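Visitor: Could we go through this one together? I'd like to start with the charged contacts and then move on to other things.

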Amino acid sequence: MIIIKKNRNKLKKPQKLSNIEDRKEEVRIFDDNMTQFTHQLQANINIINEYLGENVDLACRYIDINTIPITRAAIIFIRSIADTQKLEATVIEPLAHNILQSLKKDSYDDYSKTADAVKDLVTNSEVEGIFDVNTSIDALLKGNGILFIDDNPIAFKIGIVKESEKKYADAKTERVIMGPQEAFVEDIEAFVEDINENTFMLRKKINSPHFIVKEIIIGRHSKTKVRIAYLDNLVKSSIVDEVFFRLEKIDVDGIMGSSSVSEYISDSPASLFPTIFSTERPDRIQAMLLEGRVAIISDGSPIALVVPCVAGDFFSTPEDYYLNFYFTSFNRLLGYIGAIFVMFAPSIYIAFTTYHQELLPTSLALTISGTRLGVPYPAFLEALLMEISFEALREAGTRLPIHAGQAVSIVGALIIGQSAVEAGLVSPTVIIVVAFTAIFSLAMPFNNFSMALRLTRFLNMTLAAILGIYGIMTGALIILLTLLSLRAFGTPFMLPFSPLNLQDLKDWVLRFPQWAITKRSSYFSINPQKKADNLKPTPSDEGMKK
């Protein structure tokens, strides 16, 4: 008879920590000499714990084998990437019913007999005996279980890798032509208590013992699970401490999702510009974790948060690393030009047509004046009317069903614009300016940052109507000073432009070839070296001879 403990003991299960000093993260240095397991069950479990740290999804099941005397066994697995139902059916149940009939206590001294007996008893077809600690860790990170039997220095790799039964959601806000199409799902735990789909997707992409996932509970009544993921050998401990400090300060009845969390932990909650990055794509989270950042995943929300973030993050897309670096650089430059156009194009039109006609070429000035003949409004009201109309159409297209919304946005803009021009309410020139502004705003990768830029153009339009070109300069200065003053978890928001870092510029405005991007930002990571310095493709000497 085997007694299986009903409580699923986790290795040093991390609860909500009240003292930030208890959570001081340091880079874990593994003992290279600790390559073999011992005869003691608990010592072997502690070895695994030393490698994988306090992960919330790291679990241990103890089994008491009713021999004389009682022998204890344990199986360790990562719940988010292991199939616990398969574990019960192919490992626990066979051991519970058959162990006494074919395995005697005296055979434990013979490790080969123990290995053969375990392989014969369990119904799992993927059983392998291993002595090496590093091999066990690699197997564990891929979703396998590791079985230990007391008084045996051998571990058994059990094939219980989870194959996701839940179809991943398609990315809706960050669509790409090339690259993965998967996105996070809404339930942080898709199958009740056993499986975490979002953590599963991250674990599948990052198979490292340094990858840490912790969990805290937020909300007096909602009891929302929030998970914090990071690589402890890359991220600065000060950033991790600050993340936990801000999350633990949230004392509310409940939170509605990631957006609610971001408002409580933002450095500048009243700022127009977002200082916390949000994404629905696991590959984007993977890339940012490898830069030394921290991801925050909230239960019930398909959007994950990443801190710290900088302005350049909102101009890059996951597709950038699946395309040629020339195309990517061109697209990023287009994004930066588009941001300037969105903020200042309508205000420049107002300033030049109202105050500074002499700065325009004569033919252009006459053309614009001719198109405005009969328009009863000044240029400011004319542009303001069309900008508000377009924003209303954009909002209507968002709220309506997908196909109807697209029809309303496109047909509505065409009909209203054409009708307004024919009625003499606006000039064709302002329609062109507003249309180009709208196109550039829609071409920006991230909607939350695009919305912030769209709102700034109303400030610039007002200042241009009052002060002309000097008003535009005033608005630009206000926006620039605001951006320079922002911080994201202690990191300057305008990095790498201010402070200037030439090394970081290789992957912000332009994208250099991936073999040339060898460093990660020292503002994020304690380990700036990202890859080797000599990865530029070159033919081998033998290849040149042929």
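This is a predicted model: local features need pLDDT of at least 70, side-chain atom pairs count only at pLDDT 80 or more; totals for chains, interfaces and linings use all residues.

Guide: Arg 246 lies in helix H6 and Asp 267 in the loop between H7 and strand S12 (277-279), so the pair ties together parts that are 21 residues apart in sequence.

Visitor: Is Arg 246 buried or exposed? And what about Asp 267?

Guide: Arg 246 counts as buried because its relative accessibility is 14%, and the cut-off for buried is under 20%. Asp 267, with a relative accessible area of 27%, is partly exposed.

Visitor: OK, and which residue does Asp 320 pair with?

Guide: Asp 320 forms a salt bridge with Arg 332, and the closest N and O atoms are 3.0 Å apart. Asp 320 sits in the loop between strand S14 (304-307) and H9, while Arg 332 belongs to helix H9, so this pair ties together parts that are twelve residues apart in sequence. Asp 320 is buried, with a relative accessible area of 4%, and Arg 332 also counts as buried, at 1% relative accessibility.

Visitor: How many salt bridges does the count come to?

Guide: The count comes to 17 salt bridges. One of the pairs is Asp 251 with Arg 220, whose side chains meet at 3.2 Å, N to O. This pair links distant parts of the chain, 31 residues apart, with Asp 251 in the loop between helix H6 (237-248) and helix H7 (258-265), and Arg 220 in the loop between strand S10 (211-218) and strand S11 (224-231). Asp 251 counts as exposed at 54% relative accessibility, whereas Arg 220, at 44%, counts as partly exposed.

Visitor: Switching topic: where does the UniProt record put "transmembrane region"?

Guide: The unreviewed UniProt entry carries that annotation for residues 333-355, 425-446 and 458-486.

Visitor: How much helix is there in 425-446, and in 458-486?

Guide: Residues 425-446 are 73% helix and 0% strand, with the end C-alpha atoms 33 Å apart. Over residues 458-486 the chain is 93% helix and 0% strand, and there the end C-alpha atoms lie 21 Å apart.

Visitor: Last one: which residues form the nonpolar patch on the surface?

Guide: Leu 333, Ile 337, Leu 510 and Phe 512 form that patch, and together they have about 320 Å² of accessible area. Of these residues, Ile 337 is found in helix H9, which covers residues 325-354.

Notes:
Residues are numbered from 1 along each chain as its sequence is written. Side-chain values use heavy atoms; hydrogens and water are left out. UniProt positions are given in the numbering used here, feature names are shortened, and annotations may be inferred rather than shown by experiment. Helices (H or I, at least four residues) and strands (E, at least two) are DSSP runs, numbered from the N terminus. Patches are made of residues with over 30% relative accessible area and no salt bridge: like charges are joined within 9 Å, nonpolar side chains (Val, Leu, Ile, Met, Phe, Trp, Tyr) within 5 Å. Accessible areas come from the Shrake-Rupley method with a 1.4 Å probe; for residues, only the protein chains shown count as cover. A salt bridge is a side-chain nitrogen of Lys or Arg within 4 Å of a carboxyl oxygen of Asp or Glu. Buried means under 20% relative accessible area, exposed over 50%, partly exposed in between (1.4 Å probe, protein chains only).
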